Amino acid sequence: MSSPVYDIIIVGTGPAGLGAAFHLAEQTPSLSILMIDREKICSGGLLNDCKQNYTYPIGFAAGNWTREEAERLLPQVEKWLQPAVKEKQNLDIYRRRAERLGVTLLDVRQAHVGTDRSRVLIQRLLDELRRRGVQFMLQKEVTDVFDDTEGPGVVIADTGKVRARKVIVAPGRKGFSFLQQVMERMGITYIDNVVDVGIRVETSVGNYPIVNDYYDPKFLFPDAVRTFCTNSGHARVVLERYQGFSLVNGHALSEEQTGNNLANFALLKTIGLKNPVRSGQQMAVFLARLANEIGGGKPLMQRVGDFRMGKRSTAETFNEDLYDFPPSCPVTAGDLGLAVPAKIMRHLWAAMKKLDTIVPGVLHPSTIMYYPEIKMYANKPAFLDSHFRVSANVYMVGDGAGTSRGITGAWASGIRSAEGILSEQQDQY
Ligand SMILES: Cc1cc2nc3c(=O)[nH]c(=O)nc-3n(C[C@H](O)[C@H](O)[C@H](O)COP(=O)(O)OP(=O)(O)OC[C@H]3O[C@@H](n4cnc5c(N)ncnc54)[C@H](O)[C@@H]3O)c2cc1C
């Protein structure tokens, strides 16, 4: 039997991996911990924008969390991330308008770092872990995870097998196909996960002034539609590249930077396929590929003015005088109607109209709708316990494994896996 090299290996240095590492290193400093990431620095939301939501259920995947469990762990997340929580104003006015339309506006405790400042935060976190003895292997891809008769471990490209006593796998949303392969190879039962499909809306701050009162307003509309990840100040829509297609997303710089007077936010519809079900994630991939096909290899964008008139946006007309701001992400001007399934578009548009009554202006003809913004998760592993254990010695956490949908939820998920390891191994470490 080959002996393990580390007590714990953590795949992924995103918030889920960091949450686990901080908890393990703090509670049992003698543990040898290795964190592996294929990037130089953690990717995802910690690196981009880094809005932190400290109110359940934002960022917590339904089904895996109760309010009590989330509220027990959020103070621990806060302890390490040290957020500067933002003030909100005029909430009652917007809430009253929303309630009349059957829409809920959540009051969420929020902090925002900004893409230009997030590296400073990440560096502080990694330095703190290094000071506590955690080791890092960066720019190394994990190609497989195993848990055989000799115990668990990972396979690292160009390095080979490395064993540990326990392995936490936290590869995020971009790692969803990797996680899927690992689950299939290890024989881990999984169930189809929900998928979020929607648009990113971009407009001038003047057309969406609520952002001056509430940085990232969380509206819940009928038909499982919600606003998500609002950015303002110096805000941009960006491309997220996957294998064979691109999606849109958004981010903003910190308040230290001069504003570009734009705001953007996602409007997402959650879809859970039921009988018959093949794969919601595969459906999302097909939708993304279709949009990129129509867009000549890029996502699509359409001005609200064109959409209302039932005509496509074109490169020539996209910057007409009425359209008073240029897009921050130059993707293909076209027709969303060709790419978005009718039922999804109907629900998104109904939500847009309600939003325009709550915050008049957002349906200005110049407002841009970008598509596709899609949040894919791996199919949900059938967890063996409440600590997200999937085999005797392997845990799967974070957005990829469907235990979270944001930075704080991912961090809290990591803590839960760490608690599982510590409670099980009390006698050994
Ligand atoms: C552009 C963008 C902006 C976002 N903004 C916000 C925001 O402002 N607020 C918010 O709450 N959420 C935001 N999110 C979502 C947020 O990033 C996620 O909810 C959160 O990061 C999930 O944490 P995680 O640890 O599960 O995964 P991630 O943060 O994605 O981390 C996973 C890590 O695993 C690594 N990895 C993956 N596969 C492998 C492999 N095979 N081998 C080695 N390493 C691997 C990746 O490189 C990555 O560093 C944003 C996401 C994106 C993409």
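Into which domains is the chain divided?

**View 1. Domain 1 and domain 2 of the predicted model.** The chain splits into domain 1 (6-87 + 111-191 + 377-424) and domain 2 (195-375); these bounds come from an automatic or database domain assignment. Residues are numbered from 1 along each chain as its sequence is written. In this predicted model, local features need pLDDT of at least 70 and side-chain atom pairs count only at pLDDT 80 or more, while totals for chains, interfaces and linings use all residues.

**View 2. Where domain 1 touches domain 2.** The C-alpha centres of the two domains lie 29 Å apart. In contact are 15 residues of domain 1 and 13 residues of domain 2 (C-beta atoms, placed from the backbone, within 7 Å). Helix 4 (residues 115-131) gives the largest share of the domain 1 side, three residues. Helices are DSSP runs (H or I, at least four residues), as are strands (E, at least two), numbered from the N terminus.

**View 3. Helix 2 packs with helix 9.** The axes of helix 2 (residues 67-81) and helix 9 (residues 407-424) are 9 Å apart, at an angle of about 100°. Axes are lines fitted to C-alpha atoms over the stretch in contact, and angles run from 0 to 180 degrees between N-to-C directions. The two helices are therefore roughly perpendicular (65 to 115 degrees). A70, L73, L74, Q76 and V77 of helix 2 meet T408, W411, A412 and I415 of helix 9.

**View 4. The shell around the ligand.** Of 43 residues around the ligand, G12, G14, G45, G172 and G398 come nearest (C-beta atom, placed from the backbone, within 6 Å). Helix 1 gives the largest share, three residues. Each domain supplies at least three residues.

Terms used
Contact = placed C-beta atoms within 7 Å. Parallel < 35°, antiparallel > 145°, perpendicular 65-115°, else oblique.
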